[in-house]
Amino acid sequence: MPVASMLNTLRRLWAHDTFVYSLRVFIALASVMALCWQQDRMDLVIPAFLGVIACALAETDDNWRGRLLAQLVTLACFAVAAIAVKALFPYPWLFLAGMVVSTFCLTMLGAIGERYRAIGYATLILAIYTTIGVEQNRGDGGFWREPALLMAGAAWYGALSVLWAALFVHQPVQQRLAALYAVLGDYLVLKASLFEPVRGIDLEARRLELARLNGKVVTALNAAKESIFSRLGQSRPGRKTARYLRLYFIAQDVHERASSSHYPYNDLAEAFFHSDIMFRCQRLLNLQGQACRRLARAIRMRQPFDAGDEARQAKADLDASLDYLRRLNRPEWARLLRSVGALSANLAELDRRLGSASNPDKLDEQQQDNSLFDRSPQSVGEAFDRIRLQLTPSAPVFRYAVRLTVAMAAGYGMLHLVHPEQGYWIVLTTLFVCAPSYGATRTRLVQRVLGTVLGLALGWVVFKLFSSLLVQALFAVAAGVVFFATRATRYMIGTAAITLLVLLCFNQIGNGYDLFVPRLVDTLLGALVAGIAVLVVMPDWQGRRLNQVAANALAANSRYLREIMIQYETGKRDDLAYRLARRNAHNADAALSMAMSNMLAEPGHFRRDADAGLRFLTLSHTLLNYLSGLGAHRESLSDHASDADIARMTMGVIQALDEIADGLTHRTPLAASSVEEQALALALEQLPDDADDGHRLVLTQLTLMARLLAPLRKAANRLLRQERREEEARAEDTAPEASPAPEVPTRS
């Protein structure tokens, strides 16, 4: 039994991407350490290790062909950077000029895509690693020593990465799909809490938390899509890839249904407070969330999935409760019960879709468009066009590139002012700490300093307890593995691990105790430079661009509504145009949620009116929920006398959303109220008595959207007023002092 238990534990570990990633790093570092130890050339460990680390940081998910191409590009960039550093190192002014140009250009590569962002960032890291090696070696070994050793370590890890991708083709797809269904399960469980039949609960706070969690679902959807797309190629997908593609489409459908709303939940809870129907809805949705989590485990462990019968029984109980309320025949409940009926039908279809995940190979593909949209550049010209479009002070990528460039130059100047010897850790710390947003930079700064202190303390303990260099070498490999296992989720621990690795490696060829004070001082100085830079060099305060992010969310919702209504005319079909509109709407919603999260981490002066942003986020996400409810019930409607009115009213909602979005984009104050929108909401509430369920549902969802237009206007105006106040405050701060003058009233 102990053997079986151990095998089961290993199988669980193998199913997690962090373990697999760390295992590759362990193989690379351990083999380098073993070779250097066997050859009695421990002086080669540091540059070879640094090459492995830099290449591992540049790794992104792809098939083996794509990863091979990416590795070749990475190695080419690494070679140019290492040789340039070696050549310019003796000439500080030329080195500074090269650092400035390369930092800006490599950071701007992030405008092309995630793969190129990772390559550019890793190239900067390798360039600083080269300076550390050159400084430590003091020119011994000739011109090519450090570049050759760094490239050897990088090439070894690159070869291992490509081989791994060829041997375990579908493992990353499984891991990303499992992560997607796990976060979908969390979303469903949190969504179920909105149905809690209790008066006085803070639904606003739960909706905000739901909007934030929706951002994680969107991120997981995009990661799974990119992983599957990279393995599709130009030919027909293989059996396994086709299976994963179907599971991805199931997740998309589940997400749309899970994010849908059919009526304000507080109104339903108030109306049916003495009934158990809200509890029945909550229980069913909770069970479906648990089913998503079980599906995630089944995908990760490659086991069969059984949705179970518990949710089916909960659905039967919900239907029985709904039938009982209908039999009471209370007129004031008629509209509410229709919405609850639509909710019940949506939950039933959601359960059916989850059940189909047990055997996705049998899904009917006739109504499914399997094409995916490729967001990567299709030519070198398109890649340069993406960079060119971001070369503007308003672009976050450009602002970050300028900020990082200035910070790196300041760090380089700092090391020459303080101590030219062993000072390049200042620049390295600045590179690691300086993040695109203030909140991320502040978090990294604190964790970097604390992690360095912890790493130095651990290094002192290891030096005292284990004097054997062989044992210290083993600890160095373990520290490298811990760094890659924790750098994305527990940055302080990752920093402590990489600090310990550096101490142990340097102790192989010298006295590691000599590095304690320089490492701590350099970390503090580098963190100080990064902290000042994020405050004064083109700071990207979220409040100053919140209007544009909010406008993008409304514009994306408007396009989503257009595509939904086309489906009601032609019949349900998950074609590429519809899925793109849906994905863009959720991406824009996630971007707004992320902007608000970053804003809340900024200094108090820059989030004085965060309540306005949070209010807009809640309203925008609620609008997306109503749109998802409309999209979840797509079907071809039969001809009816109200069709022309529905088309006209839909265009009224679309035009109103576009108008608010346009006002936010151009910072144009919006009218406090709109007579047309008020008339539209009243007209939509006059449901025709002879309409069928399909038409009634469309009219109900449009009514809910129309009711949100006035609150959206008010929230948008609050955002614009806050921006005007900040602009006036900035103008007062930068205005030159003059003699007292008569006060000029400000224009409202």
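## Surroundings of His 621

The side chain of His 621 makes a polar contact with the side chain of Asp 589 at 3.1 Å; such a contact is a pair of N or O atoms within 3.5 Å, one able to donate a hydrogen and the other to accept it, with residues adjacent in sequence counted only if both atoms are side-chain atoms. The model is predicted, with local features needing pLDDT of at least 70 and side-chain atom pairs pLDDT 80 or more, while totals for chains, interfaces and linings use all residues. Residues are numbered from 1 along each chain, and side-chain values use heavy atoms, without hydrogens and water.

His 621 lies in helix H24 (residues 610-632), helices being DSSP runs of H or I with at least four residues, numbered from the N terminus. With a relative accessibility of 1%, His 621 counts as buried (under 20% relative accessible area; exposed is over 50%, partly exposed in between; 1.4 Å probe, protein chains only). Leaving aside residues up to four places away in sequence, His 621 touches Tyr 187, Arg 207, Leu 210, Ala 211, Asn 214 and Asp 589 (heavy atoms within 4.5 Å).

## Helix H16

Helix H16 (residues 396-418) has 23 residues and should span 33 Å at 1.5 Å a residue, the expected span being 1.5 Å times one less than the number of residues. The end C-alpha atoms of H16 are 32 Å apart, which agrees. Buried residues of H16 include Phe 398, Arg 399, Tyr 400, Arg 403 and Tyr 412.

## Partly exposed Ile 493

Ile 493 is placed in helix H20. Its relative accessibility is 36%, so Ile 493 counts as partly exposed.

Note on methods:
Helix = DSSP H or I, 4+ residues; strand = E, 2+ residues; numbered from the N terminus.
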